[in-house]
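These are my notebook entries on a structure that I examined step by step. I kept each entry brief and recorded what I looked up in turn.

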Amino acid sequence: MCSGVEVSAAIEVRDLCFRYSDGSPALQGASFTIAEGECVGLVGPNGAGKSTLLLHLNGLLPETFPGEGSVLVGGVRVGPDTLMEVRRKVGLLFQDPNDQLFCPTVWEDVAFGPQQLGLDEGEVRGRVRRALATAGIPGFEKRAPHHLSAGEKRRVCLAGVLACDPSVLVLDEPTSSLDPRGRRELKALLRQIPITKLIATHDLELVVELCSRVIVLDGGKVEVQGPTIEVLSDEELMLRHSLERPHALRHVHPHGPEASS
Amino acid sequence: MRHDFLDRYSRLDSPIHRSSAAVKLVAAMALVVGTALLPPSGPIPLATISLLLIAVAVASRVPWWFLVRRILLLEPFVLGVAALALFGPGGWRLFLFLIAKSTVCLSTMVLLANTTPFSDLLRVLKSARVPSLLLTTMSLMYRYVFVLLDEAGRMKRARASRTFSRQRALAWQTTATVVSQLFIRSSERADRIWAAMCARGWR
Amino acid sequence: MHIPDGFLDAKTAVAAGVLAATGLGVALRHAQHHLPPRRVPLLGLAAAFVFAAQMINFPVAGGTSGHLVGAVLVAVLLGPSAAVVVMSAVLVVQCLMFADGGLSAIGANILNMGLLGGAGGWAIYHGVSRTVKGLFGQVLAATFAAWCSTVLAAVACAGELATSRTVSWSVALPAMAGIHMLIGVGEGLITALVLVAIARTRPELVQPDPAIEARQTYGAVVAYGVLIAAGLALFASPLASRWPDGLDRTAELLGFKERATAPILAAPIPEYEMPGVQGSALATSLAGVVGTLIVFVLAWWLARVLVPHRVRGEGRESDTTGQGP
């Protein structure tokens, strides 16, 4: 932790608790911080509460405030009066691009966010063009979603989120159902975008390749967090949380020289 | 997606495709209403309109067999209703006239549907001040009908691979389960879409 | 039952269009005010569901198969106004994207399948399910309502064809109503099976929505009732009244009536004049009433089969009467 200059973290989660409607606990006091510019991975077994946690970062949960614990985005506390601001700042990419890509054409979908922000037509058009270019799909404006491949749909979703000019990108399983090439392309794309990123994923290789830090969520709590290689190459730790050591780190000793990079 | 055949030719490049959706919709409406209201008469008016439609079809570059197939798919309904007229005072001549009129109107709409992306038609309806709830419903319907058809297809195939009896009752029960699952999944998906809309600032 | 272009004359198409537009307007207004915002996407998905479900085959015999129309199913699950909006959206998209259903007949189609099928079917469902409680009552009500809505829509369709002078009423009514009494059985059966399947997996989806049960619905329901009654009066009662001629006169005044009388249809349709028809009208009505009662009994039996546990306090005493179940 640095002393001196008071810089608000991109995301700060403190003692977040949440119960499902049937009463079962989803989050039990999760706490972590993500600094500006970081790329952090969020891993954990199914049912650990990853998706639930991500929905809190955008104010989509809890359905009625106040919940238990707090989430701060760029120093702003997520609450009923800051929802719009938080939703602009946090660009959430859903797991199934079909859920997020709900407009009949690519242009309309990417323009949705800027239009909801109340921007004028010229600004909207500019943002859409830039977002599509950043996502690597310029010229896709008139395409219909049902004609796109899974990878292309994901790029459209990414463009739609980028068009809102977020300060943090939160991605839920970005590489699921992508073929190896789609995965490679998405990885390269994410590397190029300098925004703060939080990636929730089962794809541990992706975490090794993109994330400097990793958070392990299990049973609704943050069990471990630390530098990626150090955490993910600890086989015992991984197995304890129903994960496994990624193939890329099979020769790395958790406390060896490479781990501290 | 397997069902994109439903929308395969509406985005071709041709002088017809390039023309404004509003113009095409208004022209189709005028043609359909005018033809539907034609009193029984000689063949000349209908023949003229048919020639016009054929010219437009050729200019649109949509494969003729595709257009014919779409028209034939719907023709039985025309024949069925027209057949009722056979038993009235109009007889054969009315029957044939009705079929001719209806088929010309049908062909006009088939041409319209296959030269204009539905999203363009939605935009025309929006500028015509159609209520937004209806527009949103139609827009989401268009967007998700392909997703649902895919899901339904996958579920049917999964069921079929574990069905070893040809009993009709079982088939009905199975199919009803598929339909019910389709609704439940649609309902859950609607929740997720709502979340996605809110996440990008929907009020 | 989508009426293609060219079978309805101007006055019928316009009259049906006015009724349909009014009904749709009421439905949209009601849905906008009383549907929670998070249900808005559900309308679109329900429309996509209806379209997809309509394409699914239920094998009957030989190569034929039955299909769900879905108006009553949607009404049971989402309420009357949502059903009207959803069915209208489906019909408009089917018309514009697939040429299924004529553009000039869209008003009549929305009136028949949206208002009569959706709102009318809901009214029947609501009445029956309030009288007979529990899931059993809901399944019974939905089955019966689905059959009724199919027949109602068919009767209105026949009426529209008759007032257009395209088909004579004495041919259209038996043909349309007769066929759809049979088709309606399939609709009722499929609706029941699907409803039970949903109730088994996600019972909360089948529970009446408290928002829809609220008092505000009754305003909309009254409006639907008036429109449905008007529709049936205009199109389905040429035997009882001289409406088509009244409609003709109104149309003349408003400038809709075509000047050129068709040379093919020289004589006016006879059954409006002949007193002998009164006899067959009575017979038709009796047949309709008997048919409806039979279907209600069948629906009751079906609901018993699908929902085995009856509400407590009903039928338990039969064990002691010696007459057996």
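**Entry 1: a sheet in chain A**

I began with β4(A) and β5(A), which pair in the antiparallel sense over two bridges. The model is a predicted one, and I read each entry with that in mind. In β5(A), I found A:Val76 as the bridge partner of A:Val73. The two strands β4(A) and β5(A) form a hairpin, with two residues between them. In the turn I noted A:Gly74, which has a positive phi of about 55°.

I then followed β4(A), residues 68–73, to its pairing with β1(A), which is antiparallel over five bridges. Within β4(A), A:Val71 is the bridge partner of A:Val13.

Next I looked up the pairing of β1(A), residues 11–19, with β2(A); this is also antiparallel, over seven bridges. Here A:Ile11 has A:Ile34 of β2(A) as its bridge partner.

In what order do the strands of the open sheet lie? I recorded the order β2-β1-β4-β5 in chain A, four strands with antiparallel pairing. The edge strands are β2 (25–34) and β5 (76–77) of chain A, each of which pairs on one side only. As a reminder, I wrote down that strands of a sheet pair through backbone hydrogen bonds, either parallel or antiparallel.

**Entry 2: the domains of chain B**

I turned to chain B, which is divided into domain 1 (2–123) and domain 2 (131–199). The centres of domain 1 and domain 2 of chain B, taken over C-alpha atoms, are separated by 30 Å.

**Entry 3: where chain B touches chain A**

How many residues does each chain give to the contact between chain B and chain A? I recorded 24 residues from chain B and 24 residues from chain A. On the side of chain B, the elements that give two or more residues are α6 (118–127), α7 (132–160) and α8 (168–199). Of these, α8(B) gives the most, with eight residues. I also sorted this side of chain B by residue type: 15 are nonpolar, three polar and six charged.

**Entry 4: confidence**

I looked up the confidence last. The predictor gives the complex an ipTM of 0.93 and a pTM of 0.86. Chain C averages a pLDDT of 81, and 78% of its residues score at least 70. Within chain C, helix α2 (residues 40–54) has the highest confidence, at a mean of 95, and helix α12 (residues 318–321) has the lowest, at a mean of 41.

I marked two stretches of chain C for caution. Over residues 239–244 of chain C the pLDDT stays under 50, and the model has eight contacts beyond four places in sequence for them. Over residues 258–277 of chain C the pLDDT is below 50, and this stretch has 25 contacts in the model beyond near neighbours in sequence.

Definitions and conventions
Residues are numbered from 1 along each chain as its sequence is written. Chains are lettered from A and ligands numbered from 1 in the order in which they are written. This is a predicted model: local features need pLDDT of at least 70, side-chain atom pairs count only at pLDDT 80 or more; totals for chains, interfaces and linings use all residues. Two residues are in contact if their C-beta atoms, placed from the backbone, lie within 7 Å. Ala, Val, Leu, Ile, Met, Phe, Trp, Tyr, Cys and Pro count as nonpolar, Asp, Glu, Lys and Arg as charged, and the others, Gly among them, as polar. pLDDT is the predictor's confidence in each residue, from 0 to 100. Domain bounds come from an automatic or database domain assignment. Two strands pair if DSSP finds at least two bridges between them.
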